[in-house]
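Open the model in a viewer and keep the selection panel at hand. The stops below follow one another, each with something to select and a note on what is there.

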Amino acid sequence: MIQEIVINGLINGSIYALLAIGFSLIFGVARVVNIAHTALYMAASYFIYLGFDYLGMSSLLAALISILLTVALGLVCYQLFIKPIREHESAVLIATIALAMVIQEIFLLAFGGNYLGVPPLATGYFMLAGVKIANQHLLVLGAAFLALIGTWFLLMKTRIGLGIRCTAQDREVANLMGINVNREIMAALGISVGMAAVAGAIVAPLSVIDPHMWLHPLTMMLAIVVLGGLGSIKGSFISSYILGFTEAVVVFALPMGAFLKGPIALSIMILVLLIRPEGLFGVSFEEER
Amino acid sequence: MKKSCFLRGVFLALTFCVGACFPVWGAEPIKIGVIGPMQFTQGEGQWNGATLAAEEINKAGGVLVNGAKRPIELVKVDSNEFLSIPDATNAMELAISRYKVDFLVGGFRSEAVMVMQDIAMDNKKIFMGCGAAHPQLCERVAKNYDRYKYWFRVTPINSKFLVKVDFLVLDMVAKAMAKQLEIPKLKVAVVAEKAAWADPIVGIAQQSLPKMGMEIAGVWRPSPTATDTTAELSAIQRAGANIIFTTFSSSVGIPFAKQAGELKIPAPLVGINVEAQKDGFWNATGGKGNYTVTVGTYARVKIDDKTIPFFDKYEKQFKEAPNYTAGTYDAISILKHAIEKAATLDADKLVPFLEKTDMEVAAGRFVFTKDHDVTWGPGFITSVGTQWQDGKNMCVWPYNWEDLTYEGTVPYKLPDWVMEYYKKK
């Protein structure tokens, strides 16, 4: 049973990590609480469906185009709705909720409330320690680790990453030092939305596409980033796996209560916050920055 | 003067001719409100079924009421009941007070339909249920006839009978497993979404399966909106289940079937999976839902002379097979039949005629029970068990049940990977 819990925990955690890292990044850099993050993840899933089912593209091509389209959509939304009110954090929060609802209603009008599906990028399964793992799940696992390594590399080893970190540390000083703050924020936003789009492209074939699919991951993602410490990428990554493993344990230990996996995971978040209100890595990340 | 008299005469003659040739045109329409979650497949099915019925009736001249043929006018009422029950009550109020409908068909979520039912009853409007299965909806008729007599259920069958069919289909699969794979005692994983309607089914399964000679491998209750059920599937396989008995009405039915197919879990899926009744299931699961068995209302088999023509017409017009909510087609046919017999639209006068309904509709021979529910059993509405076989949702039950096999029914097929798994063992 242990091996099943470990493998399923890793899979659950990886799916959440893909979403939470992107969310944390844009919060850390621009202080934007982007509630529409999972709505963009949903948009990517719908774009794949559109490309594959309506335009007859291969699933890989549809996935690539959907990622580009979603990034473009995210940047346009930022320019139009978030940038003008960026200095007012609560206004941004409300605006992104509204934006997510608008995206939901657009897809509801366009595709109805039907449950749709797209084919996986990798079919079949493979056995590990006597447990069957779908190849698509392996892709999720790989993508989550790549996303973390890629983000770390980008932030720590590239010039653009340096700019982003400077902006995150002190926007005004960064501006005075000649850093194009707007460009850095746009770059961070592009990466953040890109990760939501990658999550959509990889997770959509495992799940169902419907106009409300953004709500459940949003709850989990917010719980993860709060647990990990708002803005901490490392914290988000680790918290994703904590909640992922908790869910897997619940299913195996309490099969009759499998539906409680979400609430139990959220309860753990509350317990941790009671002991450490800033989240697991809230303070340490502040210092790192 | 002469000229104006002549023109008046011509005008009157023309009016008479037009009226005589097209009696429906001038007559006041009978307004039927089709109420349901219109942004979702269930609502679409309700609207499509009603549209087909109304088109057929209007093409044939309309509904004969007191010697005059009156057309049917449908009013689409979006209840949004999946997301909000208050929206559903508002929609019902709107249909009655603003659109002034004469009759109502539809409703889907039992919790929402209960409230909608009360509003319809307050206004003495005949409401033909085409979606909710909860027994209480009809028990109310038995308990308080004078208030609830305007309610009639057309589809689906009462959830008590739905459970009966569910277990009959499970029994068919169990027998196939035992016979073809020579498994002495089958282990069944009971997987039911966490919803009120599924609770009694889990209870009955826990009591009945041992009596049916099967062992329970475990009970799993995922969330109705779960998107990843890999952990549940791993646990089910670990428990050594030979059959997975499903009870799903929500989206979880898709990822569960899809992931079970992708991982080739060596246990066939059988039970209720509302999503598997729909044509979109095949695409939504990317074909991985092959061999999934579900209980349903319609299949392209000859239940009676009306089933296949209805099925084909529906498929041709709407490019998909009808799901059970398309029973609005039958509801409107039943309503027309009663109106023509009663020669009135008065709800109080119509009720006794509806109660005497005994006619063939697309779902089979339709007779209301005393409490205005669907009569279930051989010779009446039985429902069907369908299985996805290589992209087609085929009828597999009833198959030699009570000497009943509908023309076009095919034998149940065990998934090829299940066969391989047990043969290798």
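Start with B:Lys424, which is found in helix α16 of chain B, residues 416-424. The model is a predicted one. Is B:Lys424 buried or exposed? B:Lys424 has 7 C-beta neighbours inside 10 Å, so this residue counts as exposed.

Next, colour chain B by domain. Domain 1 takes in 23-157 + 303-367, and domain 2 takes in 160-296 + 383-424. The C-alpha centres of these two domains of chain B are separated by 31 Å. Where they meet, twelve residues of domain 1 of chain B are in contact with eleven residues of domain 2 of chain B. On the domain 1 side of this contact, seven residues are nonpolar, four are polar and one is charged.

Move to the four strands β9, β8, β10 and β11 of chain B. In what order do they lie in the sheet? The order is β9-β8-β10-β11, in an open sheet with parallel pairing. β9 (215-220) and β11 (269-273) of chain B are the edge strands; each has a single partner strand, so one side of each has no neighbour in the sheet. From one strand to the next, the twist averages 15°.

Zoom in on β8 of chain B, residues 187-192. Five bridges join β8 to β9(B), and the two strands run parallel. One place to look is B:Lys187, whose bridge partner in β9(B) is B:Glu215.

Select residues 159-181 of chain B for α8, which lies across β10 (243-248) and β11 of chain B and runs at about 170° to β11(B). Then select residues 253-262 of chain B for α11: this helix also lies across β10 and β11 of chain B, at about 165° to β11(B).

Bring chain A into view. How many residues of chain B are in contact with chain A? There are 33 of them, in contact with 34 residues of chain A. On the chain B side, the elements that give two or more residues are α3 (41-59), β9, α10 (230-238), α11 and α12 (280-284). Of these, α10(B) gives the most, with six residues. By class, the chain B side has ten nonpolar, 14 polar and nine charged residues.

Select B:Phe40, in the loop between β1 (30-36) and α3 of chain B. B:Phe40 counts as buried because 24 C-beta neighbours lie inside 10 Å. Leaving out residues up to four places away in sequence, B:Phe40 touches A:Gly112, A:Gly113, A:Asn114 and B:Phe82.

The last stop is helix α6 of chain A, residues 159-169. Which residues of α6(A) are buried? They are A:Gly163, A:Ile164, A:Thr167 and A:Ala168. These four cover an arc of only 135° around the axis, so they are on the same side of α6(A). To see what covers the buried residues of α6(A), display elements including α1 (2-30), α5 (135-157), α7 (171-176) and α8 (181-203) of chain A.

Note on methods:
Residues are numbered from 1 along each chain as its sequence is written. Chains are lettered from A and ligands numbered from 1 in the order in which they are written. This is a predicted model: local features need pLDDT of at least 70, side-chain atom pairs count only at pLDDT 80 or more; totals for chains, interfaces and linings use all residues. Domain bounds come from an automatic or database domain assignment. Two residues are in contact if their C-beta atoms, placed from the backbone, lie within 7 Å. Ala, Val, Leu, Ile, Met, Phe, Trp, Tyr, Cys and Pro count as nonpolar, Asp, Glu, Lys and Arg as charged, and the others, Gly among them, as polar. Two strands pair if DSSP finds at least two bridges between them. Axes are lines fitted to C-alpha atoms, for helices over the stretch in contact, and angles run from 0 to 180 degrees between N-to-C directions. A residue is buried if 20 or more other C-beta atoms lie within 10 Å of its own, exposed if 12 or fewer, and partly exposed in between; C-beta atoms are placed from the backbone. The arc is that of the directions from the helix axis to the C-beta atoms.
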